[in-house]
Amino acid sequence: MEKEKIECPKCQWEPDGNAYWTCHCGHTWNTFDTQGRCPKCLKIHQQTQCPACSQWSLHEDWYIDLRGWTLKWEEFEKSKN
Ligand SMILES: [Zn+2]
Ligand SMILES: [Zn+2]
């Protein structure tokens, strides 16, 4: 299977596998290992901050492929009405 392409929607920084993200519970981990869910307290973080540009984006917006799918789905929803 092809590796998912992930990058910051704001500056195109690509996660390098390091643990840059800290949950409010104090746990630090790589949020892309768990798709935004803290492995310690299991809270789902819908917004992900970029360690490179410090801007917040929706976690799903980081997944390039998923972004395309969401867009198609929105168009489909619109065309129904
Ligand atoms: Zn960024
Ligand atoms: Zn946590």
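**Figure 1. Gln35 in the loop between strand 2 and strand 3.** Gln35 is found in the loop that links strand 2 (28-29) to strand 3. The model shown is predicted. Is Gln35 buried, exposed or partly exposed? Gln35 is partly exposed, because 15 other C-beta atoms lie within 10 Å. The backbone of Gln35 has a phi near 50°. That is a positive value in a residue other than glycine. Most residues other than glycine have a negative phi.

**Figure 2. Arg37 in the loop between strand 2 and strand 3.** Arg37 lies in the loop between these two strands. Arg37 counts as partly exposed, because it has 16 C-beta neighbours inside 10 Å. Which residues does Arg37 touch, not counting residues up to four places away in sequence? They are Leu42 and Ile44. A further pair to look at is Arg37 and Cys23. These two are 14 residues apart in sequence. In space, their C-alpha atoms are 9.2 Å apart.

**Figure 3. Gln47 in strand 3.** Gln47 lies in strand 3, which covers residues 47-49. Why does Gln47 count as exposed? The reason is its 10 C-beta neighbours inside 10 Å; a residue is exposed if it has 12 or fewer. Gln47 touches Trp56, Ser57, Leu58 and His59, with residues up to four places away in sequence left out. Ser57, one of these, is 10 residues from Gln47 along the chain. The C-alpha atoms of Gln47 and Ser57 are separated by 5.4 Å.

**Figure 4. Gln12 in the segment before strand 1.** Where is Gln12 placed? Gln12 sits in the segment before strand 1 (21-22). Gln12 counts as exposed, because it has 11 C-beta neighbours inside 10 Å. Its phi is near 65°. Gln12 is a residue other than glycine, and this phi is positive.

**Figure 5. The whole protein, as a setting for the close-ups.** How many helices and strands does the protein have? There are one helix and four strands. Along the sequence they follow the pattern β-β-β-β-α. The protein has 81 residues, and buried residues make up 6% of them.

Notes. Residues are numbered from 1 along each chain as its sequence is written. Chains are lettered from A and ligands numbered from 1 in the order in which they are written. This is a predicted model: local features need pLDDT of at least 70, side-chain atom pairs count only at pLDDT 80 or more; totals for chains, interfaces and linings use all residues. A residue is buried if 20 or more other C-beta atoms lie within 10 Å of its own, exposed if 12 or fewer, and partly exposed in between; C-beta atoms are placed from the backbone. Two residues are in contact if their C-beta atoms, placed from the backbone, lie within 7 Å.
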